[in-house]
Amino acid sequence: MSKYTTGELAKLCGVTVRTVQYYDSRGILVPSELSEGGRRLYSEEDLKRMRIICFLRDVDLPIDAISRILKEEHPEKVISLLIEQQEIALTEELSDIQEKLDKLRELKSGLKDKKAFSLDTIGDIAIFMEGRKKLKRMRWMMILTGAPVTALQWFSIIFWIVKGIWWPFVLWALVAAVWGTLVSRYYFTHVKYICPECHEVFRPEFREAFWAKHTPTARRLTCTGCGHKGFCVEIWGGEEK
């Protein structure tokens, strides 16, 4: 069985010799034996215990608390719970870091094609990124609610062709008109647009937005701030108050 000196134990656990000696003086890591010359010698079990102590110190447990935990009848249960909590905390921290990294990459990508950029440009990209998840969820909601309407359309067309009965198609047309109006109104009261000229964030009139030429991320509108008419970037705008 391997034996470790104080220095070797400290190196394996990434701490100083003084730290190992301090834990010995507090009685939470007593060496398994002493050499003939009086040197402290630690066993594999001592090494495992030291790594547990280091972990508990990393999660900010005071020495007195560590001493009490290690004296429990089943200290592994408490330590296991602490490990689980630490895992959850680190996972959340990683998630936050990844989200920030994604934002930085999107900002970098948004500026990549611009020969010159200003604080307004960065602000526009930041606003777009902030609401992209909400905007994406709303679009998926529209697709899912529109699926039954599309199914009814195909059913009515097939029924008309096969049976020669046309009224289901009329029913679909009425349902589609109502659905289209309601969804469109909902959509345009939850989005806004950024003017590429003056960087004004505005919400256009429903009629203009409904009939405007558009792409998946922009719509040709008239800015309410500077009067510029052209494609404006669509962003999440929240519910109209």
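The largest nonpolar core of this predicted model contains 22 residues, of which L29 and M50 touch the most other members. Helix 1 (6–13), helix 2 (17–25), helix 3 (44–58) and helix 4 (63–70) are the elements that each give two or more residues to this core.

**The nonpolar cores**

- Leaving aside residues up to four places away in sequence, M50 touches L9, C13, V15, V20, Y23 and L29.
- As a general background, nonpolar side chains tend to be buried together in soluble globular proteins.

**Helix 1 against helix 3**

- Two packed helices are described by the angle between their axes and the distance between the axes.
- The axes of helix 1 and helix 3 come within 10 Å and cross at roughly 50 degrees.
- Because of this angle, helix 1 is oblique to helix 3.
- The crossing in which helix 1 passes helix 3 is right-handed.
- On the side of helix 1, the contact is formed by L9, L12 and C13, and on the side of helix 3 by L47, M50, R51 and C54.
- Sorted by class, the residues of this contact are six nonpolar, no polar and one charged.

**Helix 3 against helix 4**

- Helix 3 and helix 4 have axes that come within 10 Å and cross at roughly 135 degrees.
- Helix 3 is therefore oblique to helix 4.
- The crossing of helix 3 and helix 4 is right-handed.
- Helix 3 contributes R49, I52, I53, L56 and R57 to the contact, while helix 4 contributes I63, I66 and L70.
- By class, this contact of helix 3 with helix 4 has six nonpolar, no polar and two charged residues.

**Overall layout**

- The protein has eight helices and six strands.
- Read from the N terminus, the order of the elements is α-α-β-β-α-α-α-α-α-β-β-α-β-β.
- Of the 241 residues in the protein, 29% are buried.
- Among contacts with a separation of 6 or more, 50% are between residues 24 or more positions apart.

**Residue S184**

- S184 belongs to helix 7 (residues 167–188).
- S184 counts as buried because its relative accessibility is 14%, under the 20% cut-off.
- Not counting residues up to four places away in sequence, S184 touches F206 and F210.

**Residue T215**

- T215 lies in the loop that runs between helix 8 (206–211) and strand 5 (218–222).
- With a relative accessible area of 35%, T215 is partly exposed, since that class covers values between 20% and 50%.
- T215 and F231 are 16 residues apart along the chain, and their C-alpha atoms are separated by 8.8 Å.

Notes: Residues numbered from 1 in each chain as written. Predicted model: local features only at pLDDT ≥ 70, side-chain atom pairs only at ≥ 80, totals over all residues. Heavy atoms only, no water. Core = buried A, V, L, I, M, F, W, Y, C linked by side-chain atoms within 4.5 Å. Buried < 20%, exposed > 50% of the residue type's maximum accessible area, 1.4 Å probe, protein only. Helix = DSSP H or I, 4+ residues; strand = E, 2+ residues; numbered from the N terminus. Contact = heavy atoms within 4.5 Å. Axes fitted to C-alpha atoms, helices over the stretch in contact; angles between N-to-C directions. Parallel < 35°, antiparallel > 145°, perpendicular 65-115°, else oblique. Left-handed = near helix turned anticlockwise from the far one by under 90°. Nonpolar A, V, L, I, M, F, W, Y, C, P; charged D, E, K, R; others polar.
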